[in-house]
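This report looks at a few parts of one protein model, moving from a single helix to a sheet and then to a pair of helices. Please keep the structure in view while reading.

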Amino acid sequence: MTTRPREVVGPLERGLAVLEAVAAGDGGRRGLGDLARTTGLARSTVDRVATTLTVLGVLRAEGRDLLLAPGAAGLGNAYLDSCGLPALLGPHAAALAELLDEAVSLAVPDGDGVRFLAQANRRRAMAIAFRPGDLLPAAGCAPGALFAAGWDEERWAGHPDDAGFRARAARARERGVAVDDQLIEPGLVSVALPVRDPAGAVVCAVSVVSHTSRRDAEALEALALPPLRDTVAAMEAALATGPDRMMEPGPGAGPAPAPGFGGGSGAAGFKEELGSGFLQSLARGLDVLRAFGAVRGPARLTDLARLSGLPRATARRSLLTLCHLGYVREDADGFVPLPRVLALGHARLSALTLPEIATPHLVRLVRSVRESASVAVLDGDDIRYVARVAGSRLLHIDIVVGTRLPAYATSMGRVLLAALPERERDARLGRITPEALTPRTLTGSGELREAVAVTAERGFGWIEEELEEGLRSVAVPVLDGAGRVVAALNVALNAGRCSPEESLAALLPQLRETSGRISADLAAVGRHAPVPTS
C-alpha cells in the first residue's frame, strides 16, 4: 500500500472523495447522510466540502441531496485536453463511423479497467451507449484484451482469470487485434486495434462496435478490419505530428482553460464571506487539476503554478495529493493527469442535455423575475420549446415543453433567425408566408426582414402582442463553446403589467446573465462531445 505523504492536503483529499462518491451515485446524486456513510467522513466535514463545491459550481444542492453540476466537467476536460487524444483522433474515429455506418469508440487503460474517451455514434433506435468517462472491466471488452497483452507476470498476479481473459489477452498479443463476442452484454460485438505513439507504446484502443441484429462478430471483423487498420495508421500519423506542449483552443473547442476557483481573488472573497465553511485549499487543488488542460503532455510544476495562479509550494502540495490519490502521475518530464480524473463525474455530465443544463438556471431566473422563462431551438421554420419553468403569478403564460410556434412571430424565433448566415436567413424568410395572428403581427416581407436585422444588431428579440394579444416577450441568444447560437432564452409576461421600457430594464440584464451561465455550462459539458438539444 502506498505510504501517505506528510504533505497531503486533507481538504483536497476529502473533497475529491465526496465528489467521486456523488458521481458514483444514481444519476450523479447523493444525499448528505449517505455521503457521510459512504466516505467515512464526519457529517460536519461533508457539509463543509459540500458548501465549497457548491460555491465553486462543481456540485449543486437540491433539498438534502447533492448533484453533479456542469462546472465539474472542467476537471475531466483538463485530462482530455492534456492527453489530446479526443482532439487528435476523434475526427478519424468519426470518419470511420461514417464509412462503416457503425459506432466507433476510443478507450484507454485505467488500472484494471478500460475508460472510454470518445464515441462516434450512429443514429439508430438501438444505440451503443458508451459515454466519455465510462469505465468497463478490462476482462469484459475488446480493448481490455489489447491492454492486458502488455501486462507482465507481476501485473497478472492476483488478477482473476475471468472467462479466459488471459488467453484472450495472449491471442490479442499474437494477432494484434481483439474481438468482443458479446462479453459486455448479450448482442453487443466489437473489434479493436491498438494505437501506438511514435515510441511504440500503446496509448489507446479504437473499436468498431455493432449489434448481432446487424452482424455477428466474425462478419464485423471481416467488414471492419481493413478500414480500421487504415484509420489506426492515420491516427498514429496524427500522434507523431501532434500540437505543442502549451496549447491554444482550437475551433469549436470552447474557451481555453484558465485559472478558476482558488488562485484568484474569487476564492479569497468566498473565504472571507463564508469563513471556515469554505475550504480554500480544496478550491486551490481543483485549480491545479484544471490547469493541466492548458498543457499537452507532461506539465512542469512551474507551469502549473503559473496557470493556477498559486505559489509553487502550494501547487506542489496539491500535486503530491493528486499523485497519492491516483489522479496524477509524476514522470521524469513533469506531471501527467491520469484517466481516473474522468471518475469525477465526467460520464454523467457528458450525457446531459440542453434542457437538463438550462432548467436549474431557469428556476433561478423565474424566482427572481416571477415570470415564465423558456429555452427554445429552431426547428424548420418554427421554434420548439425544450425547457420551461412557469412563473409564480396567478396570471402566467401556459406553454409546455415540445410546443412549436412560428419563428417569425416570437422573440426567440427572431433571435434564432438573426443568428443564421445571411443567405440562409434570407432563404428561410423568403419561404415563410406569415399569418396575422393578431392585429400587430408583422406579415410584410420587408418589415419581417427589418425586424430580424434589428434583432441581430441589438442582440435581443422583442415581441409586443404579435403572437397573442396581451403577450410581451424578450429573448436573448444562448451560445455553445464555439460561440455559435444554439438556442434562445426568453421571459414572457402580460403586456399590461408595466411599460415596455420598464420590462426591458428589469428583464434584459437578468436574461443576459442567465444566458451567460447556461452558455458557460454548455461550453464545459460540450467541449469534447455535442450536447443534445432534447
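Predicted model: local features only at pLDDT ≥ 70, side-chain atom pairs only at ≥ 80, totals over all residues.

Helix α1 covers residues 10–24 and reaches 21 Å from its first C-alpha to its last, which is close to the 21 Å expected at 1.5 Å a residue.

## A sheet of six strands

Six strands form an open sheet with antiparallel pairing, and their order is β6-β5-β4-β9-β8-β7. The strands β6 (135–137) and β7 (178–181) stand at the edges with a single partner strand each, so one side of each is left without a neighbour in the sheet. On average, neighbouring strands of this sheet are turned by 30 degrees against each other, if direction is ignored.

Within this order, strand β4 (residues 103–110) pairs with strand β9 (residues 202–211) in the antiparallel sense, over five bridges. Valine 104 has valine 208 in β9 as its bridge partner.

## Two crossing helices

Two packed helices are described by the angle between their axes and the distance between the axes. For helix α11 (residues 280–291) and helix α13 (residues 312–325), the axes come within 9 Å and cross at roughly 80 degrees. An angle of 65 to 115 degrees counts as roughly perpendicular, and α11 and α13 are therefore roughly perpendicular to each other. Helix α11 contributes Arg284, Gly285, Val288 and Leu289 to the contact, while α13 contributes Thr314, Ala315, Ser318, Leu319 and Leu322. The residues of this contact divide into five nonpolar, three polar and one charged.

Terms used:
Residues numbered from 1 in each chain as written. Heavy atoms only, no water. Axes fitted to C-alpha atoms, helices over the stretch in contact; angles between N-to-C directions. Helix = DSSP H or I, 4+ residues; strand = E, 2+ residues; numbered from the N terminus. Parallel < 35°, antiparallel > 145°, perpendicular 65-115°, else oblique. Contact = heavy atoms within 4.5 Å. Nonpolar A, V, L, I, M, F, W, Y, C, P; charged D, E, K, R; others polar. Expected span 1.5 Å × (residues − 1). Pairing = 2+ DSSP bridges.
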